[in-house]
Amino acid sequence: MRFAILSDIHANLEALEAVLADARAAQCGEFVCLGDVVGYNANPRECIHLVQALDCPSVMGNHDEQAAVDEPSQEFTGDAEAAIRWTRDLLTEKERRWLEEREMLRQEEGFTLVHANLDAPGGWGYVRNDFDAAESFDFQRTPLCFFGHTHVPVAYVNEGGARRLALDQLAIQSDKKYLINAGSVGQPRDRDWRAAYCIYDSDAQMVELRRVSYDVAAAQEKIRAAGLPERLAQRLAVGK
Ligand code: ZN
């Protein structure tokens, strides 16, 4: 089976459509969503509907949670908070309920899905280094765990704690555990503007990082037309 692992779509319809087309061309028949379908960009409703149509395992992200509640977040930056306020006003009650009804953690056959980390999934901490990864490994019960939240694709293996690995083409060894960040579809932050996602081939036991070009100018234009902060448009072009 070939799974397309999508994370941090963040209401970027152009990026999501390009990724779905790439995944289907690469024979992915299954999809999973690691949360943060909304926030930052200008097409939250369309992205929710596309993910719903995939009818796939999906977990909740911190922006999904914030779009569903009414009070401002204590932790969001000004730009993120402005975008989430705009998102809340746009979404229907039904769409907001769907965002918050998804679980924080899902265990599938052979892999786990979580937005942020396994040691405290709803605390929204970040796995940014070997030390953070080692804390997550303590709670990992499947050979693979896919996560998002940092918008930076990376893999860790549990070898004497946690060790960072290159993710381009990763061969999974059956006696080890892996914690894999699928990168971000809609707002990459690793200085590569192209949409990121992973393909997990469960027969070949391979994980591959994919990068997909999309119409950034169109996404930026929509951000400006919606009156969202200009910085949210600019960062898409530089992958930051
Ligand atoms: Zn995010």
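How near do the axes of helix H1 (residues 13-25) and H2 come, and at what angle do they cross? The views below are of a predicted model, in which local features need pLDDT of at least 70, side-chain atom pairs count only at pLDDT 80 or more, and totals for chains, interfaces and linings use all residues. Residues are numbered from 1 along each chain as its sequence is written, and side-chain values use heavy atoms, with hydrogens and water left out.

**View 1. Contact of H1 with H2.** The two axes come within 9 Å and cross at roughly 25°; axes are lines fitted to C-alpha atoms, for helices over the stretch in contact, and angles run from 0 to 180 degrees between N-to-C directions. H1 and H2 are therefore roughly parallel (under 35 degrees; over 145 is roughly antiparallel, 65 to 115 roughly perpendicular, the rest oblique). Helices (H or I, at least four residues) and strands (E, at least two) are DSSP runs, numbered from the N terminus. Leu-13, Leu-16, Glu-17, Leu-20 and Arg-24 of H1 meet Glu-46, Cys-47, Leu-50 and Leu-54 of H2, where contact means heavy atoms within 4.5 Å. These residues divide into 6 nonpolar, no polar and 3 charged (Ala, Val, Leu, Ile, Met, Phe, Trp, Tyr, Cys and Pro are nonpolar, Asp, Glu, Lys and Arg charged, and the others, Gly among them, polar).

**View 2. Contact of H2 with H5.** The axes of H2 (residues 44-54) and H5 (residues 93-101) come within 11 Å and cross at roughly 55°. That makes H2 oblique to H5. On the H2 side are Arg-45, Ile-48, His-49, Val-51 and Gln-52, and on the H5 side Glu-95, Trp-98 and Leu-99. The classes are 4 nonpolar, 2 polar and 2 charged.

**View 3. Packing of H7 and H8.** H7 (residues 216-225) packs against H8 at about 170°, with the axes 8 Å apart. H7 is thus roughly antiparallel to H8. Val-216, Ala-219, Gln-220, Ile-223 and Arg-224 are the H7 residues in contact, and Glu-230, Leu-232 and Ala-233 are among those of H8.

**View 4. The largest pocket.** About 480 Å³ of space lies in this pocket. A pocket is an open set of points on a 1 Å grid over the protein atoms alone, where a 1.4 Å probe fits, with protein on both sides within 12 Å along at least five of seven lines; lining residues have an atom within 4 Å of a point. Of the 28 lining residues, Tyr-40, Asn-62, Tyr-126, His-149 and Arg-189 are closest to the centre. H3 gives the largest share of the lining, 4 residues.

Note on methods:
Grid points are joined across faces, edges and corners, and a volume is the space filled by probe spheres set on the points.
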